[in-house]
Amino acid sequence: MPGPLAPHASRVRALYRRILLLHRALPLELKALGDEYVKEEFRRHRSVGPADAQRFLREWEIYAETLWQQANEDRQNSRKKTCFGTPLTEEKLNDFHNEQIRQLQELMQEATKPNKQFNISDDSEYKN
């Protein structure tokens, strides 16, 4: 049985693709983590209620817009390292469900692991 996101299928697919394309601007470690998280979240929200579906789409559209702006800043300021993301306000955190808090904690732990899954070197030092 189709979920509440079904009437918005083309909007959902376009948003999903846009986010994965925007992730290409991220450092490789963040791209891998972000891609995995986006895939899991979109899969997890296939059968949420209508109100949750609207909120889900709205929040991911805001994320995509923010990431687009930050990626453009990064391209324009090639000498300065861009900080991707936005701080979470206390008000926004208070709106989170327990499951969302748990996911956020897991994401933070994964993003701050001292032993990264892979080691990526800067190719520029090898180019002449």
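Mentor: Start with axes: these are lines fitted to C-alpha atoms, for helices over the stretch in contact, with angles from 0 to 180 degrees between N-to-C directions. The model is predicted: local features need pLDDT of at least 70 and side-chain atom pairs 80 or more, while totals for chains, interfaces and linings use all residues. Residues are numbered from 1 along each chain, and side-chain values use heavy atoms, without hydrogens or water.

Trainee: At what angle do H1 and H3 pack?

Mentor: About 30°, with the axes 10 Å apart. H1 covers residues 9-22 and H3 covers 50-76 (helices are DSSP runs of H or I, at least four residues, numbered from the N terminus). So H1 is roughly parallel to H3 (under 35 degrees; over 145 is roughly antiparallel).

Trainee: Which residues make that contact?

Mentor: H1 brings Arg11, Val12, Leu15, Arg18, Ile19 and Leu22. Among those from H3 are Leu57, Trp60, Tyr63 and Trp68 (contact means heavy atoms within 4.5 Å). By class, the H1 and H3 contact has ten nonpolar, one polar and four charged residues.

Trainee: And H2? How do the axes of H1 and H2 cross?

Mentor: At roughly 165°, coming within 10 Å. H1 and H2 are therefore roughly antiparallel.

Trainee: Who touches whom there?

Mentor: From H1, Val12, Leu15, Tyr16, Ile19 and Leu20. From H2, Asp35, Val38, Lys39 and Phe42.

Trainee: New topic. How much space is in the largest pocket?

Mentor: About 1,500 Å³. Its lining has 37 residues. Tyr37, Trp60, Tyr63, Leu104 and Leu107 lie nearest the centre of the largest pocket.

Trainee: Which elements give two or more residues to the lining?

Mentor: H2 (28-44), H3 and H5 (98-111).

Trainee: Which gives the most?

Mentor: H3, with ten residues.

Trainee: How does the lining divide into nonpolar, polar and charged?

Mentor: The lining of the largest pocket has 19 nonpolar, eleven polar and seven charged residues.

Technical notes: Parallel < 35°, antiparallel > 145°, perpendicular 65-115°, else oblique. Nonpolar A, V, L, I, M, F, W, Y, C, P; charged D, E, K, R; others polar. 1 Å grid on protein atoms, 1.4 Å probe; cavity = no way out; pocket = protein on both sides within 12 Å on 5 of 7 lines; lining within 4 Å. Points joined across faces, edges and corners; volume = space filled by probe spheres on them.
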